[in-house]
Amino acid sequence: MASGKGHLAGGFLFALLFLHIITNYFFSPSPIDIILYISIALMFAVWPDVDIKSIGQKFFYSVFFITDAYLIIMHEYKVAAYFGLIIILPVLAKHGGWTHSVPAMVLVPSPLLIYPIYNSGIFDLSGAPYYIAALTGYFSHLVLDGRFRLWK
Ligand SMILES: [Zn+2]
């Protein structure tokens, strides 16, 4: 099991890989998007350990606070409100290990994907890069903890 710092480093590495892939094969993200992608990936890289008192927990709340304050300053109230929802999830998580499962990896960040569709009423996939950034970070956590094995 990797430490909180290990997960941050791993999440950052996977986030860079993610940025590399989208800028080379899909589109050029704006500087704000790059910051958001990396923040989201780092948040989800440490999120699975929020059910224990960890660097992950402390880091998660710190990044959350800074990002949410930034969104409010930028008048992005809807996004800020959604971010506020995420912060509730760790409190609901019991120490049982479900945060380290693949279904949790897919489901926990899913509001990032669903919210724009729900909000616009059309099939708006604008949340997809954020969702994939979250998946990237989450995936890095499971890999570093040895929970996600493609081999074996
Ligand atoms: Zn873990």
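Predicted model: local features only at pLDDT ≥ 70, side-chain atom pairs only at ≥ 80, totals over all residues.
Residue numbers start from 1 along each chain as its sequence is written. Local features need pLDDT of at least 70 and side-chain atom pairs 80 or more, while totals for chains, interfaces and linings use all residues, and side-chain values use heavy atoms, leaving out hydrogens and water.

**Exercise 1. Work out which residues hold the zinc ion and how they are arranged.**

- Start with the donors (N, O and S atoms within 2.8 Å of the metal, or 3.2 Å for Na, K and Ca; with no water among the atoms, sites may look incomplete). Asp49 (OD), His100 (NE2), His141 (NE2) and Asp145 (OD) coordinate the zinc ion at 2.0 to 2.4 Å.
- Next, check the angles. They run from 84 to 168° for the 4 donor atoms, so the arrangement is irregular. Tetrahedral would need all four-donor angles between 85 and 135 degrees; square planar (four) or octahedral (six) needs opposite donors over 155 degrees apart and all others between 65 and 115; anything else is irregular.

**Exercise 2. Decide whether Val63 is buried or exposed, and find what Val63 touches.**

- Find Val63 in helix α3.
- Its relative accessibility is 12%, so Val63 counts as buried.
- Skip neighbours within four places in sequence: Val63 is in contact (heavy atoms within 4.5 Å) with Ser39 and Met43.
- Finally, compare distances: Val63 and Ser39 are 24 residues apart in sequence, and 7.1 Å apart in space, C-alpha to C-alpha.

Conventions:
Helix = DSSP H or I, 4+ residues; strand = E, 2+ residues; numbered from the N terminus. Buried < 20%, exposed > 50% of the residue type's maximum accessible area, 1.4 Å probe, protein only.
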